[in-house]
Structures are given as C-alpha cells and as structure tokens.
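Me: I would like to go through this structure with you in questions and answers, taking ring contacts and helix packing in turn. Could we begin with the terms that the first of them needs?

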Amino acid sequence: MSNIPSNLKYTKEHEWVRLEGDLAYVGITDYAQDTLGEIVYVELPPVGESYAAEEEIANVESVKAASAIYNPISGTVAEVNEELDGSPDLINEDSYANHLYILKEFYLDDYELLLDGEAYGEYLKTLE
Amino acid sequence: MTPYIPHTAHEREQMLKAIGVASIEELFSSIPKELHLKGELPIAAGLSEEEVFQHLKELANLNQRKVSFLGMGSYERIIPAAVQSIASLPAFVTAYTPYQGEISQGLLQAIFEYQSMICNLTSLDVANASLYDGHTAASEAAIIMLASKRKSTTILVSETLHPFTLEVLKTWAFGTETIIKIIPEKERTFSTDDIEEYLTGEVAGLIVQSPNRYGFIEDYTGLAEKVHANNALLTISSDPLSLVFQKSQGEWGGDIAIGDTQPLGLVSAFGGPSCGYIAVSEALMRKIPGRVVGETVDRDGERAFVLTLQAREQHIKRGRATSNICSNQALAALTTAIYIALVGEAGMVEVANQSYDKAHYLANKLQTIEGVELNNSAPFWCEFPLTFTSPEVLEKALKALSKAGIFGGVRLYPLTHREEDKATMVVAVTEKRTIKELNLYYETVKGVVA
Amino acid sequence: MKRKLLFELSQEGRRGYKFPASDVPSCEKLPQHLQRQTSPILPELSELDVVRHYSALASLSFGVDLGAYPLGSCTMKYNPKLHNYVAALEGFANIHPLQDEKSVQGALEVIYKTTESLSAITGMAWGTLQPLAGAHGEYVGLKIIRAYHTSRGEDHRNKVIVPISAHGTNPASASMVGYSIVEVATNAKGLVDIEALKELLDDDIAAIMLTNPNTLGLFEEDIAEIATLVHGCGALLYYDGANLNAVLGISRPGDMGFDVVHLNLHKTFATPHGGGGPGSGPVLVKEALRPYLPTPDVVLTEEGYCWDWDRELSIGKVSGFWGNFLVYLKAYAYILTMGREGLKEASIHALLNANYMLSRLRGHFNVPYQERCMHEFVISVHDFKERYGVSALDFAKALQDYGYHPPTVYFPLIVSEALMFEPTESESKETLDGLIEALIELGELAKTDGDRLKEAPLTRPIKRIDEARAAKNPILRWKPKE
C-alpha cells in the first residue's frame, strides 16, 4: 500500500505539490518511486526558467525505467534540490521529504485543479 | 522429415499425453474455426538444403562483380580473413541481446571495447552500442538536439549530406512538428560564412557531413562556436575510416558524431546490414539512444560489464519515448571492432593514405582529359565528383568502363534530381584498387571522351 | 575471472595485418588545419592476440548453438548453418547497393520473391523489406497508417490504442510518429476487453496495435469482432508480428483483419540474433495501403526486375539503402527450406513444446492465465517473493547455473514477478525435460535454501552483477590509467 499524505495535492502522473507560503514544492509520489525502483539519476530544470502546467520539466531515472516529470502547476523554477545530485536515491528513502524542485510565481488556479489525497488514492486503485 | 525440428512421432505422442489432449489440433482450439487457414499456405513446398543452396547460388551468379569505383556510402575495401572467422563464432552469432549480464560477459566486453574505439576515433566522450545505419543515425542525432533545447523545432542540414540521409530525415520529420531546413551547398561544399543567418531561436542544431557526399573534406573552422552561440548543437557525420586522416568531430568542437561503419570491416552486401555509430559529449550522455554497455563489478568485486542506461527503452509512461530504437546492429559493430583490433591505427592510417594517393592519382590523370571536370579545387580524400560535357558523354564513359570490366561511378542525378547533376558521377577509389586498374580507367575514359 | 580489454593487451608497435604496398606515388596530403590533430588511442595487437581474445570472449558468451534459450517473445530458434554459406556467396556479399539494375537481377529477385513469400504467409498484399529491425518496422507501419489517414483528409486521427500488456516499443513507436497512446484493459482471461474497447473507439483513433497471440501467449479469440469494431470507426488494425511463430500456416493476420503487419525475421524466420542485431523488420500491407509503402519498390517487368521510384504517395525512404539484405536473404533461404508444410510444422511444434512445459510446470508454479497457451507462457513467482523473498530475477540468475539461458523476466508488466518462456520448436523433448526439472528443483530450493537463488549465478565466471552501480556511475568506455 503506498503512502499518500493528506496534506498534499497530486496528479495522475504521480507528482505531488506542497505549498509553503508563496513557494510550491514538487516531487514524485511513493507509488512512483516504488514502481521505478532504485533511482540513479535525476535531471532537474534550470533555475529561472518558466514552465506551463503539464509541460515536461524533469526526468527521473532508475536502473530499469525513466520517467518524465510533468510540471503540475505553471510557475517559475526558484530552486532545485541539489542534494539529489550525488544521492538520487534519497527519493526512494522518502519521496515526500525529498522534493525535486521549488516553484515561485505559480498559478493558484492550477493548484486547485489537482487531486487531493483521497482522489489520488482512488486513482491508484484503478491501476491495479 | 521437417528440417530443424527434432521430434519423433513417439515423442509427440508422449507430449500430447502429458498435456492432456488427444491431438495436435486441440492445441489450436482457441483459434476460432473461421480463422483457421483453409488448405495450405500459398507458397511452394519445402526443399532440401542442397536444392536451396543450388537455387540461391544461381541467383547469386546473376549478380555481376566488376572492378568497383562505386562509393556513396558503401565501399569495397580489403577485409582481413580473420575478421570473418572471428565474427562467425557461434556464441556471438546465435546470442540474443545480452540482457542477462552474467551469461553474456564476452559479448558485453566486446561491445564495451567497440564503444571505446568509437569514442577515441571521434574524440568524443560517450558512444553507444551502435544504431541501424549511418543514415537513420541522423534522425537519432536530431532527436537529441531537439530534446536539448526547449521550444526548438528546427534542424538545419547541409545539402551536402548523403542524398539518402536527407530522404530519411525528411520521412522522419513528416507529420511531426519538426522542420528540416536545408542549407544550400556552395560549389558542392558547405560554407560556414552565412550560417548565422540560419541560426535562429527555434533551431536545435545543425547536421553536416565530411567527407561530404561528393567526397570533399569540409572546413568547419569557427562553426562550433557559432552554433553554440545560438544555444544549439553541432552534429558531424563522418566515414569512420576518414577519422584517422581528417579532423575528428570532437576536434572540431562537435557535440554529436554519427556515421556508418561499413568501411571498417563490413562487406557491401547490397547495402545491408551495416552499422551506424553515434558518439556524444559528456553533457549529452543521458540522452544517447539505444543500447549502451557500462562497466561495473559483480558480487565478488570482479570487473563486469552490463547493459546500462536502459531507461531509454522503457518508460513508466511508455508513450513518452522520443526514440523507439530498441536493438542495435551488435554483430556488425563487433565485426567493426575486430577489424580495428586487427589493423590498428597504423593499418587504418595506411589504408587512408593509400586511398587518398590512389584517388588523387586517378583524379589528376582524369582532369587532363578535356571535357572532364572535378567542379571544385576543394580538398578531397578518396572520393570525387566527375562532370562530363553532357549526360550522353557520361553514359558513353560508363558504358565503356563497364565493357572494360569496371563499375565507373555512381550517377548523381538519380539520387539528387537536380539539373546540374545530370552529367556528373561520384567516383570512389579505395586501397583495394591497383595502378593497373587506375590506368585502365583513365585510358578507357580518355578513349571515349577525347 | 577477469579478461583483459584489447586496450590492456596492447603492445606499442605491434601490428596485426599486412596490407599490400601502395603502387602509386605518395602525394601531398590535406592542409594542416583539416588533418586529425591528436592520435586516436587504438589497441596494437598481433593477429593471434586478436583471435585468442575474441575466442575467449566467445567462450564467455551464450548462444542458441550452446544451449536452450527460452526467452519469451524472442523466438530463439535454431539458426541454420546453410544461411551463413549463402550470405557469404560472392554474388551476394560483395555487390554494391548502387550498381545498375541489370547487374543485380539476382539480388532484386531475392527482394521480390521474399516480399512475395512474406505477403503470402501473412495474407497481405505486398510490403517493404527496408526496415532494419522490428522496432523500425513498427515505426514504418505506423507512418504508413498516418499517411493513409492524412491523404484521406482524416489527419485529426491522432490516437493509437494499445493493450496494457503491450511491448514497450509499441507505444514508443506510436509517439515517434506523433500519435498519443490510449491503453485498453484486458479482461480476466487476459484478452482485450471488448466492452472497454468500445468505449474508446471514436473518430480520433487512427489504429489499434495488437499482437496475436498476445504477449501472454493467448489467442485473441474476438479478433474478428475487434476488426469489425475498429474498421467501423474508420481506424486501422496494426499487427505486431513478434508472436507469428505461433500461427504459421494455421492462421494469417491478413485473414484476421489486420491492415498492416510488421515481422521480425530474426525471430520467426530463423535469422541469427547476432547478440542484438542486425535483424530485419519487414512491413506488409493490404492493397489499399500499398501506395504508401517506402520507396523504392521492386517490380517485375518484361525487362526483368526494376526499381520503382515513381511512387507519389509513398512515405519516402526509411533507411539508407534497401534494408538488411543479407538478413532477409537468410529468411528467404529459410522459407524455401521449410516451405508451406514446414512452416506449419514449426508452429505446431512450437505450441507442442510450450504446452508440454506449461503442463508439467503447472503444479509447481502459479500460472496466472488459462489452461493452455500457444507458443509461449507466463508463470508468476509472486508467492515465492512474498513467502521466501525469492524473486523472478533470482530464478533467472539461478537457471544460469544449470546451463540454460534464463527466460524473459518482468514482462508482461501486468503479471507480477513474471517469467515468460518460449521454448520454440527447435528444442527436443529431452532438452525441455532438463529445463523443466531444473525449474522444479529451483522451486524446491527456493523454499529451503533461498540464498542459492538470491546469490546466483554461483558457477559462472562472473557472479551477480551490480546493475545499479553501472547506472549511477556510468563508465562507458575504457580510459588509460593516469
């Protein structure tokens, strides 16, 4: 059973978003990291670039598979998680504590449209 | 008896019993009756090995072999006997892709060695285990370039690329959002002079080829800088044998190197199989398509090799792959590596020099004939374009050469469909040609044209 | 056991091959700025060095010639030695692709007759041999479908339906052609769910990509209905020929209703896999799609065989020359040898072998789908993983210790801890018995001594490989020690 914290919002592409003031933290869910297996590399976007919602923004690679990450909400990259550079498997350890990147100047409207924990959980059930 | 199927009637019986069915037909019961083929396949009955061999030998004999001056992407070169011997070892030939590393260490190491050789020849950092051929490699390079620049849509290509490479790129781009923009040639070569005009925001990169399709060596001085200034990438396609002779792609500042390894140990084979190579700079490592062999260790700390960076082949959201290339040309890449191992740099340099000298010997003699032109004084390696006063004279020359037992050259017009190419052919001279053959060529053409 | 790399065996000044001396004068070479600047470091070896090195590498590899290779979906059947002889004939090996037509009539006949035979075998009208591999063939087949719809003003069709059990290249090929993927569910029997399919069919659908039998080794019994439904909404059916070895001479994709078929000659038609290529992925089509086939085609006229470049609706060129000639030449030799009755025998015995294995393994392993299979089957070791911590990967590695190549693992994705076996018709009953007994023994060992599997292979020169390390810190070439 995968972990789905209730204070986050989710996408069907298995990303999560957490708001902290005027910043939005983005990462991948427990389901995603489990399906990927041991993560060996993360390609993160350049700081300062703006991305629309659903635009491909990053890449997460494991031994067996690669996953493109689609930006859940429009915004500008404020920071990327540099710890992932040497230790990409931090995501496997805790995919919610280890975000991928942080957005600023994001569209709140996009955030409202995301799935809540329950809806994401329901969605995961349909994948089994 | 059916060839290659070992079962006896008795064994079939035992097996059917173990399965729990009365007859073979029951095994196909899940196929609806209407879909069962009525009668037999509409092809001939099977033949014995001897009959098949004799028939195919007859067909082979219908194909003519002459002294060849044909090039344009496929070259007749001297291939050491040991190449075929080694490349025919059953454990290599009858193996599948080495997904299970422990049982395939030999093959994996051989491919790792091939990758290393390609890196050294191209002066770039990462090579893959091969692509289908040098022409499709261009579309793989385009994919990398587009993926490396946000919102880019356009790939610039020099008109001097092999005509079939241009065709393959066109086909690949059709129906997608990618635009292939051709930069016209200048006197049958690529000029860096006006390149800035073409380097706009939507341009992801440029593909050039040297030696180009006419055989000319192109000068890329300053090109990489200009391309990079536009935040784009540079792909250079080169005959890999030429890389011991001319400046390599990495030395030019190129980001991606592609080409076809047929000249390194592979027979012409009517065009296939061949082997495409691709090498990239370190920064592009994770974007390289297809299979890559990497070094690692096993449980006991012993050096081992394994297919790695396999993420390219499979995605969680599998429709997102930008390249679908799954396999490579392993045995052809292996053959190339064997050739390089046998002849070494010294051998490759010798071959490259001989080809150069022989081609220039012939070209110089031919140019003394009035009505025979080379079009350009640009440097060339072992291939050059020859233009006659009219298409009729070209045909007369080719006919006379054919009669003398020579395939004189490849007609350009059928490949490019350009008016200015109607009286031109491209002539390739490799180390395999002798001075006797070169002189005969010259005498024959002189006899026709003069 | 560590085998040195060619670079590590290199001895400065050593040479392996003597070329004939040049008989023309040497002339001035390229201007300096166009010359190669620094020497490429390549190994310097003698001929014997090279022969020994590769012979050692061969002994550290595994092929069908050495033992059973039951990789599901790969059809690792025996590669007849005749084919190597044929491919080495001067008149095939050493002809140039751009020679005049009149001088290559034999080669053109091979192309023509092979295309003709493959069309007859699959129940299609005509095809192309230009695609250089199965995945390439998929791409070409989808391009043809796209060109077809575009020419009929139906370019709005931008989706392709793929079952969730499909091979990874199917969706990848589709997206390369600009299509987006819609997945259709399978039912409890492992077949395409017709009701689910009906929901998805609208006029945005360009095609459905299927393999039949499917990746679980099961025949899509409702294929006729699927064809009617898909054609009914104006879309086309695409056949992934990976599993054709199950139905040769029994049922043909053309008769099932497919419009485009791609084949894998290195699977069904016995051409060698070569360690991962070169293969060949011909594409066959129904009459309506013929005009879109790649250029050039080969036609038979009064003057003999000719190239046909004059094809207005063609999708163009898809590879450098005419496909992997020496590969489809071997397939042609295979077709001539087996003939109409032999190809059917191949499928019959492929099914016999797979079902025999399945029936004997059933009591010992979990079989997720029905009673019988076609040419391949899937077992799941999910319960071994849960109870004893032994995974599908562990079983695969342990099988190496018995002298067999492992089956396919973790595919199809919809079966947990999957092992997919395709023995092919080449294997004898006693080889199968050996493989079956090895698996049963491993099943028992997993319960009592799981480590034997988890640490396998134990008897190979190289033990369990650290794949994660290779991906984390890629070392992709040899570098001289500083």
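Reply: A charge counts as sitting over a ring if NZ of Lys or CZ of Arg is within 6 Å of the ring centre and within 35 degrees of the ring normal. The structure to which this is applied here is a predicted model.

Me: How far from the ring centre of Tyr179(C) is the charged end of Arg146(C)?

Reply: For an Arg the atom that matters is CZ, and the limit on its distance is within 6 Å of the ring centre. The charged end of Arg146(C) does sit over the ring of Tyr179(C), and its distance from the centre is 5.3 Å.

Me: Over which ring does the charged end of Lys247(B) sit?

Reply: For a Lys the atom considered is NZ, held to the limit of 6 Å from the ring centre. The charged end of Lys247(B) lies 4.3 Å from the centre of the ring it sits over, which belongs to Trp252(B).

Me: Why is the pair of Phe325(C) and Tyr328(C) classed as it is?

Reply: Both residues belong to helix α11 (residues 325–361) of chain C, where they stand three residues apart, about one turn of the helix. Phe325(C) is buried at a relative accessible area of 0%, and Tyr328(C) is likewise buried at 0%. Rings pair if their centres lie within 6.5 Å, and planes over 60 degrees apart count as edge-to-face. The two ring centres are 5.7 Å apart and the planes stand at 85°, so the pair is edge-to-face.

Me: Which residues of α11(C) does α1(B) meet, and is the crossing left-handed or right-handed?

Reply: From α1(B), the residues involved are Arg12(B), Met15(B), Leu16(B), Ala18(B) and Ile19(B). On the α11(C) side they meet His349(C), Leu352(C), Asn353(C), Asn355(C), Tyr356(C) and Ser359(C). The crossing in which α1(B) passes α11(C) is left-handed.

Me: What is the handedness of the crossing between α11(B) and α13(B)?

Reply: The axes of helix α11 (residues 391–403) and helix α13 (residues 435–449) of chain B come within 9 Å and cross at roughly 135°, which means that α11(B) is oblique to α13(B). The contact is made by residues including Val393(B) and Leu401(B) of α11(B) with, among others, Tyr441(B) and Val449(B) of α13(B). The crossing of α11(B) past α13(B) is right-handed.

Me: How many residues apart in sequence are Lys12(A) and Leu114(A)?

Reply: Lys12(A) is placed in the loop between β1 (9–10) and β2 (15–20) of chain A, and its 48% relative accessibility makes it partly exposed. Leaving aside neighbours within four places in sequence, Lys12(A) is in contact with Leu115(A) and Tyr123(A). Lys12(A) lies 8.9 Å from Leu114(A), C-alpha to C-alpha, while their separation in sequence is 102 residues.

Notes
Residues are numbered from 1 along each chain as its sequence is written. Chains are lettered from A and ligands numbered from 1 in the order in which they are written. This is a predicted model: local features need pLDDT of at least 70, side-chain atom pairs count only at pLDDT 80 or more; totals for chains, interfaces and linings use all residues. Side-chain values use heavy atoms; hydrogens and water are left out. Rings of Phe, Tyr and Trp (its six-membered ring) pair if their centres lie within 6.5 Å; planes under 30 degrees apart count as stacked, over 60 as edge-to-face and the rest as tilted. Helices (H or I, at least four residues) and strands (E, at least two) are DSSP runs, numbered from the N terminus. Buried means under 20% relative accessible area, exposed over 50%, partly exposed in between (1.4 Å probe, protein chains only). Axes are lines fitted to C-alpha atoms, for helices over the stretch in contact, and angles run from 0 to 180 degrees between N-to-C directions. Angles under 35 degrees count as roughly parallel, over 145 as roughly antiparallel, 65 to 115 as roughly perpendicular and the rest as oblique. A crossing is left-handed if the near helix is turned anticlockwise from the far one by less than a right angle, and right-handed if clockwise. Contact means heavy atoms within 4.5 Å.
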